[in-house]
Amino acid sequence: MSVADTYERLFHAALRIRLVEERIIALYPSDKIQSPVHLSIGQEAVAVGACDALAARDLVFGTYRGHAFYLAKGGNMRAMFAELYGKATGCGGGKAGSMHLAAPEVGFMGASAVVASTIPHAVGSALAARHRKLDQVALAVFGDGATEQGVYHESLNFAALHRLPVVLLCENNGLAVHSPREARQAFGIAEHARGYGINVAVCEDGYDFMAVRAVLADAVSKVRTGEGPVLVECKTERYMEHVGVGEDYAAGYRSAEVAAEWKRRDPLCCEADLVARWTAEIAAEIDDAVAFAEASPWPSSDALLADVA
Ligand SMILES: Cc1ncc(C[n+]2csc(CCOP(=O)(O)OP(=O)(O)O)c2C)c(N)n1
Ligand SMILES: [Mg+2]
């Protein structure tokens, strides 16, 4: 496949995610979406580039800001909207909501509202792949805030010690809720990870799915050939508020100018002709997924305690 074909394929995948989240923004005031939503608008290229560098058999462990990775790994859009609507046909039976999407049938193994909590799941899965002699890479995706959690450091140490087949992908948007990274961390994420003696890569251009894909392809190939874990720090920018469907540049904790600079480089904001080429087709797919969610039944009361204990 030519570079131009790959660019268009990834652009389409990223645009699909953005249009899904823009539809969530439009639907949210109706109160039909039953859970809080953490939007990835601005960060789609990280998910698209990363998932494109993986094989279908590889596994992704995500976060509550998970719509982008769920869709990029191949999660079903109907099951995602039904989950947001709390319906029985949702990917979590309507009980998981936006923060706990999962599509294990395509290798999106789950997400959690608890910061950093899926990193050890990815590391454990990589250990299992090693024991079972599977050619399978685990990818843990997490935010910059997650690197302050103890379990992040425990996971890095264990993965490095056992040279496990795991990629640790930090979506560094420079914020944890309203706190800038500089006010929270005494270390650089990539610099610090090097101390564990593992391969480290940085992608400065997290708006550029081709750049992300190239960095991740190199990381995945190193992991697959037995070089041990790789940490990838990918710089990115979230355009919307931490949770919810609004913009909050007026809140004073972040810079609208910085976001505007990212938007000037973001293909989804700049390439109007490609956006126009695919918007109607993607909108039709979203219409179908929303109609499916609307028409689906609520979970039965019997389902309330299923899968709980
Ligand atoms: C263990 C834990 N501590 C605190 C929180 C509250 N909390 C929710 S999101 C968040 C910020 C996380 O920031 P980051 O990891 O950078 O991810 P981002 O939201 O920027 O994608 C915090 C502190 C939580 N959910 N879990
Ligand atoms: Mg962050």
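Modeller: Ala 116 counts as buried because 22 C-beta neighbours lie inside 10 Å; the term requires 20 or more other C-beta atoms within 10 Å of a residue's own, whereas 12 or fewer make a residue exposed and counts in between make it partly exposed, with C-beta atoms placed from the backbone. This is a predicted model, in which local features need pLDDT of at least 70 and side-chain atom pairs count only at pLDDT 80 or more, while totals for chains, interfaces and linings use all residues. Residues are numbered from 1 along each chain as its sequence is written, and chains are lettered from A and ligands numbered from 1 in the order in which they are written.

Ala 116 is found in the loop between β2 (108-110) and α5 (119-131); helices (H or I, at least four residues) and strands (E, at least two) are DSSP runs, numbered from the N terminus. Although Ala 116 is not a glycine, its phi is positive, at about 75°.

Ligand 1 has 14 residues around it, of which Val 115, Gly 143, Gly 145, Ala 146 and Ala 176 come nearest; a residue is near a molecule if its C-beta atom, placed from the backbone, lies within 6 Å of it. Two or more residues of this shell are given by each of β3 (138-143) and β5 (175-176).

Ala 140 touches Phe 61, Thr 118, Ile 119, Ala 122, Val 166, Leu 168 and Leu 169, leaving aside residues up to four places away in sequence; contact requires C-beta atoms, placed from the backbone, within 7 Å.

Note on methods. Two residues are in contact if their C-beta atoms, placed from the backbone, lie within 7 Å.
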